[in-house]
Amino acid sequence: PACELFGYVGIEAVLDQMRRKAMKTGFEFNIMVVGQSGLGKSTLVNTLFKSKVSRKSCTPNYEEKIPKTVQLQSVSHVIEEKGVKMKLTVIDTPGFGDQINNNNCWEPIVKYINEQYEKYLVEELNVSRKRRIPDTRVHCCVYFLPPTGHWLRPIDVEFMKRLGKIVSIVPVIAKADTLTMEERLEFKETIRHNLQANGIQVYPQREYDEDAEDRIRNDKIRENIPFAVVGTDKEHQVNGNKVLGRKTKWGIIEVENVAHCEFANLRDLLIRSHLQDLKDVTHDIHYETYRVRRLNEGNGGGPSYSSSPRTRICTPSYTRSTHWAPVKRVGPRQSRNPVSAESHERAP
Ligand SMILES: Nc1nc2c(ncn2[C@@H]2O[C@H](COP(=O)(O)OP(=O)(O)OP(=O)(O)O)[C@@H](O)[C@H]2O)c(=O)[nH]1
Ligand SMILES: [Mg+2]
């Protein structure tokens, strides 16, 4: 018989095939840290690489002080776990707030993020395209808030408003060891209100939840942001074990202990639970918005891309391309989308 209608076909084996391919190619994941100077961004980058994300690849405990960051710099580590390779890149940025005038202090950051989209776009539009375009796009921007215990400052509002339109932001409360547990909870709540009141988009956005299951999972995160984190590059002995920690007058704050601070929650969100989603949102939403804007610009005086149906200019439909059926609209966001060309969207 040519085909057994009700027999086992083996479609599910496609998962094994995908797994094998993904393991061969590996993953690229790029995180950026942004915030005022002295909030512990560089320290947290070190913490991340020293924590169990990459304990093996970490360098010995340097006793020297972390220098002030004066230019954008990226650190990459290839981390391997159970045969899965991931190239984790963290882009450390110089903190703002040192100048008397901090107007437009977000510009270098915004420029960097857009430049990575541009690089990707240029590669995509090349006649002979690389089989895999190197991905330097920022998949997640961890935004550091000072532990003031009051409200969001105007500068953070302005900064995040701009960033939220081009990248996934995960806000964190820096140096949480300087706040008591009650202060942290209260401050977190205030910040959540402030974010909402100012219309700041932070990850994970409700409108991009795929289904009810996603919504429940992401609601838990939304109720818990911003994570109150503590960073360190020192290890301490606690009950005979070496742990990453920070000495305070109340004792040692164990950075990876969820009872002490939310560094582990942040790490789990970024790597364990939402890595692929952050990459998808970057590609399907932020990059797509950039791409449409750029191609429409080109449509004016410059080269026209609209002649070929493949690169036909259209508004981004904001569907998440990784999900096949049913195709649904995740949310029209006219405000972000000044383009008025017709939308090519498959009907649900
Ligand atoms: N109490 C406390 N201090 C911290 C924490 N993280 C970092 N620090 C200290 O804060 C100071 C500044 O840390 P950096 O990591 O250099 O800060 P940064 O945000 O990279 O600063 P710039 O490079 O100037 O933007 C250092 O003395 C750190 O030891 C933290 O979680 N709690
Ligand atoms: Mg720094």
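Predicted model: local features only at pLDDT ≥ 70, side-chain atom pairs only at ≥ 80, totals over all residues.
Which residue in strand 9 is the bridge partner of G245? Residues are numbered from 1 along each chain as its sequence is written, and chains are lettered from A and ligands numbered from 1 in the order in which they are written.

The partner of G245 is E254, and strand 8, residues 241-248, is joined to strand 9 by 4 bridges, the two running antiparallel. Strands here are DSSP runs of E with at least two residues, and helices are runs of H or I with at least four, both numbered from the N terminus; two strands pair if DSSP finds at least two bridges between them. An open sheet is formed by 3 strands in the order 7-8-9, with antiparallel pairing. Strand 7 (235-238) and strand 9 (251-254) stand at the edges with a single partner strand each, so one side of each has no neighbour in the sheet.

Let me turn to N198, which is found in the loop between helix 5 (181-197) and helix 6 (212-224). N198 counts as partly exposed because it has 15 C-beta neighbours inside 10 Å, where 20 or more would be buried and 12 or fewer exposed, with C-beta atoms placed from the backbone. The C-alpha atoms of N198 and V157 are separated by 7.3 Å, although these residues are 41 residues apart along the chain.
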